[in-house]
Each structure stands twice: as C-alpha cells, then as structure tokens.
Amino acid sequence: MHLLNINVVGNNNANTDKHRPPTSVSVHSASPAALQHVAPKKTPVISTPTPPAFPADYFLDNFSFQCRQGQIPLQIVTISTTLLDFTQEPRLIARLYFERVHSFFPFISNKNFYGHFPPAYAPPNPISTILIACMKLVSWSPKDDPTKDPKSPSYFAIKRTLVETDIAGVWSLQLLQATILLSLYEMGHAIYPAAYISVGACIRYALALGINESLTVNFNSPGVMPLEQEEKRRAWWAVLILDRFVNIGYPKRPLMTQDPAPDAILPTDDTVFDQGAVTLDQLYTVSSPAEPGLSPFAKLAQAAYLLGCVFRHICDLRVDPMHQEEGMQLSGQVQRLLEVLSTESEMSATTAICSSALITLHDPNAANTHPAYLGFAKGLLQPVVEEPSQDVREFLAANIDYQAHPSPLLGHWIYQAGTVVLRLNAQTGEDFGKVEYVTQRLEALGQRWLSAGMWEDSGTQEWTNLLTVAYLHILTGS
C-alpha cells in the first residue's frame, strides 16, 4: 500500500493576513510504482498519522495569535492508493471537466489550474490530486456506468480524505474548490443529507479563508493579482448559489449565508476569466439592472441572490402594504432578469431559478387560483410543459446525447412546473400543459444527473395524490 503524504508548512509571517494563512505543500513519499498500480476493487485506506497540534488560539483568540506572530505548524495527511489510481490521467480528467462542468459552473480558473499543473515527470501534488479527483467525480455520468451508483469507492475515499485535511489543518483555495465540486456532485445525484452537510462545510471553509470579503470593492490581498481575486470571488458566489439551491425544496429553512449587500460585486465576464485577462475596469454589482452584457455566471449569481430575497420575503409574515410593495418590486426584478434570458435557445439554470423564485413568491402555499396569477403562471410554465424540442424526442427515442452538459440546477424547476400544472389543470379545468412533457424532460436530464430521476419518482407520487384530490373534489362538488 503506497500512501502520499501531504506536508503543509505554515506561513512565516502570520500577520500579513489574519483570515488566510498561506501554506506551502511538498510531497514526501510517492513511489513511482504507486502511480502505476491499479486496483479499482481495493477498499480505500486512509492512514492517519498523529499531526502536530493546530494552534487553537487562531480561532479562540485570533488577536493574540497575530500579536505573538503565530504560525501554522507542519501538517501531515495521506492520500490513498484509491485516489492515486482514480486520478491517473489528470490532463484528460481536467479536459473533460472543463468541457462538461465548467461550461455551466465556471468558478475555477482554467489558466491558474494549468499554471500550477505539475510536470509529467514530477510526483503528483497532493492538493491538486484531491481537486482533480473531485473534477473527475463531478464529471461522472450514470449513463456511462453500468452500476449507475454515485456512491462509489472513489466517492467515499474523497470524503475521507477531505476530513483528514480538515483534521490536519490543511487550508487552501483548491481544497475549497474541491469541496464545492463534491457538494455539486451530491446535489446532482440526490445524495442527501450529505449534500446539505457538504454545502455547510463549504460555507465554513470559505469563511475561514476569508473569501466572503471578496465581494467588496475594497477586497485586496497584498500581492494577489486580479485573476486570483476573481477566482476567490467566484468561489464565494458558488457557495452562495449552492446554499440557496439546497434550500429550494424547503424555502422556509434558514439560509446559512447572509444575502450579499446591494453593492456586492458580481463575477466578471466568463470569457475574460477563462483567458486570465481579468481587470478591475468594469465591475457590475448585484443590484445592477439586468442586461445582456452580464456574463452567464453573473446572471446565475444575480438569480441566486434574488432567490434568497424571495426566501426571506415569504418567511416574513407581515401583511402590511409595505411588505406587499416589497414583494411586487422583487417580482419585477426577477421578471426583468427573465426577459434578458428569453433570447437563450436552451433553458438555463438561471432561467430555472428565476422561474422557481416567481412561483415560490406568488404561490408559496400552492393554493393560489386568482385569475391574475393564473394568466401569469401560464406564461411562466409554457416553456416547460409544451412539447419538448426535437433534440429531446430524438434522445428519448434513440439514446442520442441531449444537451450533453446540462446543469443539475435545472431539475427542481421542471419538477415544480409539473406539480403546478397538474394542480391548476385539476382546480380550474383549463389546460395549462401536459405533464407527460415534463416527465420526458426529467427523464432526459436523469441521464446525466440522478436527482432528476428522484424528482420524476417524487413527481409520479405527488401528481397521483393531486389527481386523487381533484377527483374527490369533482365527486363531492366541494
């Protein structure tokens, strides 16, 4: 059994940044044979050497830690053979990740990632190994795996390794990025409650690194270039997006992060970010009017911000005119963003979040039958409940790849649209759309993300229950 040791040395000048203790990573034992040994059936084994004590006053009394010029001591964690085997083709893994996931969730800098990529002849970098393992994990598709089981040995090995790094006090932006990808994977394949807990871990980790401050105009780490600042900013937005989406099925559950301030900076242009040419010349804030010039990730961030505002609004039980006016203003903001998105050929995660936010805002108790709402809902639901596109029909008929890289954030809105359509069809007698079209969309999405299949199963039961209630309503005339 070959193990890869992570040795992390604390920064010699702890006063430079009280929130972000920089670390340097070196590899101490990585036999070349360990990189060639393949044992896919082997149970993951994590060795747990006794690490030096982490300075508890970093958290208990950070001011004292800074005054005494405290240092983060040498830390040791091990990477198992399972992960070394899982990441044997790192460049191929990275290429597939940037094709399949980065396209809809671009928070890792392509330039920075490849800039820190170790040469082929060098032993693997432990931190990079963990991130690459998560990249491969989130790129996994059930239609390419006969087992269709997302809880693979590699998944458990990654979970255990991240716990080891936490215990050892190993901190880095890359490890936060790895945890974000793990959370996205768990949400996408409905691994609950692990997904909910992992999102919470992302939040704590990001706060410990201090990147929550990256949304402010004054955020500026000494010696950190604009690209690095933008990458931290995107990591925090990724955390905010996941925190809101993980609550979308129960919007009255408290969020673990505060709503960003109105002047919080949105992600910059995605193309510029990928090219590594980030500047501070043109910055949009979360309160900027929705416009086509915003990049896709910035629109997704803005939609997530508005979704959080919707959650806060429906949890406020006031019934005064001011509260109603706030709701109308919020609805207008979401609808303006939807108008900007209306030119897109494919339904995006941003469109899905905005649509779900509007239904949640106007019909939080799934009982609204006001005529004004019915007309509004019909237009909102139409893209989901109308006949699927030719691409979807061909995919279902002949297993042709459909929208090869869809976001897992699409599933909830498709399911929610189906439940709303069935309820309104039953309660009003009007035709708001065909539920079978909704089911077809979930079936197509389920070829990439298993959570869509869970929603499809839940929808079948929920829709059956709604039909039963509607039938009894007709029989009794009540």
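## Contacts and overall make-up

Two residues are in contact when heavy atoms of theirs lie within 4.5 Å. In this predicted model, contacts between residues at least 6 apart in sequence can be sorted by how far apart the partners are, and 75% of them join residues at least 24 apart.

The protein chain contains 20 helices and 3 strands. It has 478 residues, of which 51% count as buried.

## Helix H10

Helix H10 runs over residues 194-209 and has 16 residues. From its first C-alpha to its last it reaches 22 Å, close to the 22 Å expected at 1.5 Å a residue. Gly210 follows H10 and has a positive phi, near 80 degrees.

The buried residues of H10 are Ala194, Ala195, Ser198, Val199, Gly200, Cys202, Ile203, Tyr205, Ala206, Ala208 and Leu209. Their packing partners are four helices: H2 (57-60), H8 (153-168), H9 (173-188) and H11 (226-245).

## H10 against H9

Two packed helices are described by the angle between their axes and the distance between the axes. For H9 and H10, the angle is about 160 degrees and the axes are 9 Å apart. An angle over 145 degrees counts as roughly antiparallel, so H9 and H10 are roughly antiparallel to each other. The crossing of the pair is left-handed.

On the H9 side, the residues that meet H10 are Leu173, Leu175, Leu176, Thr179, Ile180, Leu182, Ser183, Glu186 and Met187. Facing them in H10 are Ala194, Ala195, Ser198, Val199, Cys202, Tyr205, Ala206 and Leu209. Among these H10 residues, Ala194, Val199 and Tyr205 are also in the list of buried residues.

## Helix H5

Helix H5 covers residues 90-100, and its buried residues are Ile93, Ala94, Tyr97 and Phe98. These four lie on the same side of H5, because they cover an arc of only 125 degrees around the axis.

The buried residues of H5 pack against helix H4 (81-86), helix H6 (110-115), helix H7 (126-139) and H9. H9 is also one of the helices against which the buried residues of H10 pack.

## The pair H13 and H14

Helix H13 (residues 296-315) packs with helix H14 (residues 321-341) at an angle of about 160 degrees, and their axes are 11 Å apart. H13 and H14 are therefore roughly antiparallel to each other. Their crossing is left-handed.

From H13, the residues in this packing are Lys299, Gln302, Ala303, Leu306, Cys309, Val310 and His313. In H14 they meet His323, Glu326, Gly327, Leu330, Gln333, Val334, Leu337, Val340 and Leu341.

Methods. Residues numbered from 1 in each chain as written. Predicted model: local features only at pLDDT ≥ 70, side-chain atom pairs only at ≥ 80, totals over all residues. Heavy atoms only, no water. Helix = DSSP H or I, 4+ residues; strand = E, 2+ residues; numbered from the N terminus. Expected span 1.5 Å × (residues − 1). Buried < 20%, exposed > 50% of the residue type's maximum accessible area, 1.4 Å probe, protein only. Arc of directions from axis to C-beta. Axes fitted to C-alpha atoms, helices over the stretch in contact; angles between N-to-C directions. Parallel < 35°, antiparallel > 145°, perpendicular 65-115°, else oblique. Left-handed = near helix turned anticlockwise from the far one by under 90°.
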